[in-house]
Amino acid sequence: MIDPAPPGVLRRRARTVLNRLRKRYGELVPPRRSDPLEELILTVLSQHTSDVNAERAFEGLRAALPTWDAVVRAPTRSVADAIRSGGLADTKAPRIQAILREVEERRGAFDLSFLAELSDDDARAELVSLPGVGPKTAAVVLSFSLGRDAMPVDTHVHRVTRRLGLVPPKTSAERADRLLHELVPEGLRTPLHVALIRLGREICKAPTPRCGICPLKDICPTAPRYLVG
Ligand code: SF4
């Protein structure tokens, strides 16, 4: 069990992590999309699958049903068939239709561009009030589409921040989202998210991290467990 460090120590550790990973990976730029509704639907499609599969499913959806209006009016089975390559199609199809229906009902159009006019907190609140949209999905839209400084806690960020002791070991992803938002200074959240995703994919893998080649091994409380012998 890793003892929780005081907040000041954790803040310094978060900065050190970011600085080291910047040195290792260079500039940490998130992928950008222009339209928040597109980003939202793509994020739903990316749940429990790779980015490549999610993009493929998104393209399949646009090819089969080229407008959001067509997606809402189509039988759910047709939407599921169009996104089959992204996995969990029978769960994601009704979720996508429910989001689109709600957006149309509230705004009179399939358009979330008004979010750009809102504060971070208000835009986040709007997003999580949509059906099936949680803090991670909201943070992805805030960060990648609206250019706000949010830190989506996906599976990689969740695993790596627990191993680094930035959040306690048994913290849920939802709680980690709140703790990391408070811990990581404004302006550093999106770059840290991008850096931790890369570290999680390449080095701090599940189930076994490659601590021997990790640039954080001297500051990571989990490393000694994997470096022994
Ligand atoms: S030292 Fe090991 S456990 Fe810690 S972040 Fe690096 S790979 Fe992950």
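Visitor: In what order do the elements of the protein chain run from the N terminus on?
Guide: In this predicted model, the elements run α-α-α-α-α-α-α-α-α-α-α-α from the N terminus on, and the protein chain accordingly has twelve helices and zero strands.

Visitor: How is the chain divided into domains?
Guide: Domain 1 takes in 7-29 + 152-227, while domain 2 covers 36-145, and the C-alpha centres of the two lie 28 Å apart. Their contact draws eight residues from domain 1 and five residues from domain 2.

Visitor: Which elements give two or more residues to the domain 1 side of that contact?
Guide: Those elements are helix 10 (173-183) and helix 11 (189-202), with helix 10 giving the most, three residues. Sorted by class, the side of domain 1 that touches domain 2 has three nonpolar, two polar and three charged residues.

Visitor: Staying with helix 10, which of its residues are buried?
Guide: The buried residues of helix 10 are Ala176, Asp177 and Leu180. They lie on the same side of helix 10, because the arc they cover around the axis is only 105°. Glu174 and Glu182, on the other side of helix 10, are exposed.

Visitor: What do the buried ones pack against?
Guide: The buried residues of helix 10 pack against helix 8 (135-145) and helix 9.

Visitor: Switching to the ligand, how many residues surround it, and which are the closest?
Guide: The ligand is surrounded by 15 residues, of which the closest are Cys204, Pro209, Cys211, Cys214 and Cys220. Helix 9 (155-163) and helix 12 (223-227) are the elements that give two or more residues to this shell, and by class the shell has eleven nonpolar, one polar and three charged residues.

Visitor: Where is the cis peptide bond?
Guide: The cis peptide bond joins Ala206 and Pro207, with omega at about 0°, and Pro207 has its place in the loop between helix 11 and helix 12.

Visitor: What about His48, what is its phi?
Guide: Phi of His48 is near 60°, which is a positive value in a residue other than glycine. His48 sits in the loop between helix 2 (36-45) and helix 3 (51-64), and it counts as partly exposed because it has 13 C-beta neighbours inside 10 Å.

Visitor: And Leu88, where is that found?
Guide: Leu88 is in the loop between helix 5 and helix 6 (89-107), and its phi, near 50°, is a positive value in a residue other than glycine. With 17 C-beta neighbours inside 10 Å, Leu88 counts as partly exposed.

How values were computed
Residues numbered from 1 in each chain as written. Predicted model: local features only at pLDDT ≥ 70, side-chain atom pairs only at ≥ 80, totals over all residues. Domains from an automatic or database assignment. Contact = placed C-beta atoms within 7 Å. Helix = DSSP H or I, 4+ residues; strand = E, 2+ residues; numbered from the N terminus. Nonpolar A, V, L, I, M, F, W, Y, C, P; charged D, E, K, R; others polar. Near = placed C-beta within 6 Å. Buried ≥ 20, exposed ≤ 12 C-beta atoms within 10 Å, placed from the backbone. Arc of directions from axis to C-beta.
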